[in-house]
Amino acid sequence: MEVLKRKTFCLLTENAELRKMVGLMQENVELQDTFKKHENHARTLSFEGKHDGPMDDDETEDSRDHQQSPSCNDAKDIQHWQKIVGEIAFQLERRILTGIFQQKNRQYGFLVSNIEEKIIQVTTCPFTSKVDEKLRAELTQRYHETMSRLKKIGYDKHAHPVLSEYLVNMYGLMDADTKELACSSNRESILRMVRECTPKNIADDVEIIFNCLYFMSIEDGEPLFM
């Protein structure tokens with residue numbers, strides 16, 4: 001009987017390890033697919049708003065004004081503020097995921113863009129495939145309530161998570177210098193600089209992401225940049 005129990009335990013352990021490996025492989029495929037989406041999205045952003053003919057004088061002048069903003073005086077200033085844009089996108093993702101899954105440490109492969117799949121994953125037992133219906137309903141309710149609140153600010157659950165991932169990958173996250181710069185600036189200053197250092201075709205959406213982060217920081221009582 002003891003031998004049978006040990007064998008059963010070994011089989012369950014091996015099964016769990018296999019499921020974990022399969023899960024990691026699936027997450028790797030998901031991440032590769034996400035990176036492809038980012039590349040496609042980047043191409044779309046690069047060409048969006050362009051037309052076949054040459055730009056007129058007003059359009060050319062407008063482009064120069066954006067590249068040589070009076071507040072973003074050099075490449076270093078622009079890079080600093082673009083890192084803050086990446087951090088804003090990351091912080092919003094983190095707050096949404098933390099609010100739904102109630103976990104402070106971000107888990108590998110968890111993104112707002114795949115949150116519905118992850119809800120299914122974490123509520124399904126890897127050994128028996130049994131579903132924790134109560135937990136699934138709880139997580140799903142939190143997800144829908146969060147998306148409903150953010151929708152009032154303009155957040156699109158299909159578009160903005162993908163844009164957030166793109167911004168994080170494109171601009172990176174804050175370092176010590178940019179953190180000091182961000183924390184010493186007020187909301188209006190951050191918003192103005194974010195718009196100036198972001199391509200005009202996504203500036204409105206980046207502002208929505210920032211406003212959602214600001215809204216959630218008021219809700220949870222935590223600093224804007226945790």
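A salt bridge here is a side-chain nitrogen of Lys or Arg within 4 Å of a carboxyl oxygen of Asp or Glu. Going by that rule, the count is six salt bridges. Keep in mind that this is a predicted model, where local features need pLDDT of at least 70, side-chain atom pairs count only at pLDDT 80 or more, and totals for chains, interfaces and linings use all residues. Residues are numbered from 1 along each chain as its sequence is written, and side-chain values use heavy atoms, with hydrogens and water left out.

- Glu207 and Arg195 pair their side chains in a salt bridge, at 2.3 Å from N to O.
- Glu207 sits in helix H9 (residues 200–220) and Arg195 in helix H8 (residues 187–196), so this pair ties together parts that are 12 residues apart in sequence. Helices are DSSP runs (H or I, at least four residues), numbered from the N terminus.
- Arg195 also forms a salt bridge with Asp204, and here the closest N and O atoms are 2.9 Å apart.
- Put together, Arg195, Asp204 and Glu207 are linked in a network of salt bridges.
- How open are these side chains? Arg195 is partly exposed, with a relative accessible area of 29%, and Glu207 is partly exposed too, at 23%. For reference, buried means under 20% relative accessible area, exposed means over 50%, and partly exposed is in between (1.4 Å probe, protein chains only).

- Lys83 and Asp175 meet through their side chains in a salt bridge, 2.9 Å from N to O.
- That pair links distant parts of the chain, 92 residues apart: Lys83 is in helix H3 (residues 75–101), while Asp175 is in the loop between helix H6 (160–171) and helix H7 (176–183).
- Asp175 counts as partly exposed, at 31% relative accessibility.

**Around Gln82**

- Gln82 is found in helix H3.
- Leaving out residues up to four places away in sequence, Gln82 touches Tyr171 and Cys197; contact means heavy atoms within 4.5 Å.
- Gln82 and Val194 are 112 residues apart in sequence, but their C-alpha atoms are 7.3 Å apart in space.

**Cysteines**

- How many disulfides does a search of the whole structure find? It finds zero, a disulfide being a pair of cysteine sulfur atoms within 2.5 Å.
- Is Cys212 buried or exposed? Cys212 is buried, with a relative accessible area of 0%.
- Cys125, on the other hand, counts as partly exposed, at 26% relative accessibility.

Technical notes: Helices (H or I, at least four residues) and strands (E, at least two) are DSSP runs, numbered from the N terminus.
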